[in-house]
Amino acid sequence: MILTIDVGNSNIVLGAVREDEILFEARLRTDATKTSDEYCIDLKMILDVYGFSAKDVEGTIIASVVPQVLNSMKTAVLKLTGKSS
């Protein structure tokens, strides 16, 4: 599955897709003070809530209008999946 992350000023919208199917959609509050470790925990918990694990993630797409969160999110994804976005 492909993990998609859209970092906006107020919310981060997460989703997962496989071929033509949307597997889940979730939202987090955007917080520029969170560390990559905190975002990593958030991502891991959301995957768990929807019955997925980091091993299910084949790739990631991140879009962001908040540069300081983009860097933390990219690092969080790398820590969680071992794959860069």
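# A tour of the chain, element by element

Read from the N terminus, the elements run β-β-β-α-β-α. That makes two helices and four strands. Helices (H or I, at least four residues) and strands (E, at least two) are DSSP runs, numbered from the N terminus. This is a predicted model, where local features need pLDDT of at least 70, side-chain atom pairs count only at pLDDT 80 or more, and totals for chains, interfaces and linings use all residues. Residues are numbered from 1 along each chain as its sequence is written, and side-chain values use heavy atoms, with hydrogens and water left out.

**Whole chain.** Start with the C-alpha trace. The C-alpha atoms fill a box of roughly 30 × 20 × 20 Å along the principal axes. The radius of gyration is 12 Å, which agrees with the value near 12 Å for a compact globule of 85 residues. That radius is taken over C-alpha atoms, and the globule rule is 2.2 Å times the number of residues to the power 0.38.

Now show the surface. The accessible surface comes to about 5000 Å², and 50% of it belongs to carbon and sulfur atoms. The areas come from the Shrake-Rupley method with a 1.4 Å probe; for residues, only the protein chains shown count as cover. Of the 85 residues, 40% count as buried. Buried means under 20% relative accessible area, exposed over 50%, and partly exposed in between (1.4 Å probe, protein chains only).

**The core.** Select Ile 5, Ile 12, Phe 24 and Leu 43. Of the 24 residues in the largest nonpolar core, these four touch the most other members. Such a core is a set of buried Ala, Val, Leu, Ile, Met, Phe, Trp, Tyr and Cys residues joined through side-chain atoms within 4.5 Å. Two or more residues come from each of β1 (2-7), β2 (11-18), β3, α1 and α2 (67-81).

Centre on Phe 24. Beyond residues up to four places away in sequence, Phe 24 touches Leu 3, Leu 14, Gly 15, Ala 16, Ile 46, Leu 47, Tyr 50 and Phe 52. Contact here means heavy atoms within 4.5 Å.

**Gly 15.** Step to strand β2, where Gly 15 sits. Gly 15 is buried because its relative accessible area is 7%. Neighbours within four places aside, Gly 15 contacts Ile 2, Leu 3, Thr 4, Phe 24 and Glu 25.

**Glu 19.** Move on to the loop between β2 and β3, which holds Glu 19. Is Glu 19 buried or exposed? At 79% relative accessibility, Glu 19 counts as exposed. Check its backbone too: phi of Glu 19 is near 55°, a positive value in a residue other than glycine. Most residues other than glycine have a negative phi.

**Asp 31.** Next comes the loop between β3 (21-29) and α1 (36-49), the place of Asp 31. Asp 31 is buried, since its relative accessible area is 15%.

**Asp 56.** Finish in the loop between α1 and β4 (59-64), where Asp 56 lies. Asp 56 counts as partly exposed, at 28% relative accessibility. Asp 56 and Met 1 are 55 residues apart in sequence, yet 6.1 Å apart in space, C-alpha to C-alpha. Across the chain, 52% of contacts between residues at least 6 apart in sequence join residues at least 24 apart.
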